[in-house]
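Take a look at the model below. We will walk along one stretch of the chain, step by step.

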Amino acid sequence: EDNDEDDFEAKVVSTWKGNGRGSMQSRIFHVPTLSELCVSFIASNFECVEELGYITNKVRNQLVRLLCYRLMLNEEVLLRIYPEGVNQIVLPDCSRIDAFNMQMTLLRCKKELQVLGLSMCGKCFTADLVEKLVESGGFPKLTHLTLTGAYLLYDSHLEELLKVCPNLKHLTLSQNSRLGPSGLKFIVEMFGKTLETLSISMCVQLESPHLEPLGNLSTSLA
């Protein structure tokens, strides 16, 4: 049986076994793959990149993680890493992205976007941003939405946003201090029969009595 070479990824691990005093016994070191080395090289020299061309979502997400870690996500980098037509935006740290650049990125990509994952997005995910997204027609193809730490997102803003995400299947709103009972009730009423997963961990305004509507969800909760 033939194997698809594109699906094969070699895993290389080296083990150091020292014998001298103070040596590290059986410590495992990760040897990066050629793909990882290439992504790291691109991240280190991203100021020289004019455009990325076609890359897979996996490679794009790896590259974004490195750029986030190196504090390199400015306006020009976002434009090159998320051109019009991408179907995934996954940002592990939005704390250094301002509301305007987030708005431009989302409006540019919203038409084809299927996965939107924004962590530590309190600074950039504002009421004005939600208003602009709603006015533009929202995310018609979005199925996965993660907004972690969106401390400026009140229930009323969340409701307006979710109204323009008609195909949502997976929703994560962890660490959102503004999420309250009315917002949770709206989620249940709108997506009770279609939502597959919901995470509302560490949403401090939600107490045990407020969780009663979740009994009407046919979904996985976290």
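Which residues in H5 are buried? This is a predicted model, and in it Leu-129, Val-130 and Leu-133 of H5 are buried. These residues lie on the same side of H5, because they cover an arc of only 100 degrees around the axis. An α-helix has 3.6 residues a turn, so residues three or four places apart point the same way.

Now turn the helix over. Asp-128 and Glu-135 are exposed, on the face of H5 turned away from its buried side. The buried residues of H5, for their part, pack against two helices: H4, at 99-109, and H6, at 155-163.

Next, leave the helix. Gly-138 sits in the loop that runs between helix H5 (127-135) and strand E5 (144-148). Is Gly-138 buried or exposed? With a relative accessible area of 1%, Gly-138 is buried, because the cut-off is under 20%. Leaving aside residues up to four places away in sequence, Gly-138 touches Lys-110, Leu-133 and Val-164. Leu-133 is one of the buried residues of H5. Lys-163 is 25 residues from Gly-138 along the chain, yet their C-alpha atoms are separated by 8.3 Å.

Further on comes helix H7, residues 181-191. Its buried residues are Gly-183, Leu-184, Phe-186, Ile-187, Val-188 and Phe-191. Their cover includes H6, strand E6 (170-172) and strand E7 (197-199). H6 also packs against the buried residues of H5.

Terms used: Residues numbered from 1 in each chain as written. Predicted model: local features only at pLDDT ≥ 70, side-chain atom pairs only at ≥ 80, totals over all residues. Heavy atoms only, no water. Helix = DSSP H or I, 4+ residues; strand = E, 2+ residues; numbered from the N terminus. Buried < 20%, exposed > 50% of the residue type's maximum accessible area, 1.4 Å probe, protein only. Contact = heavy atoms within 4.5 Å. Arc of directions from axis to C-beta.
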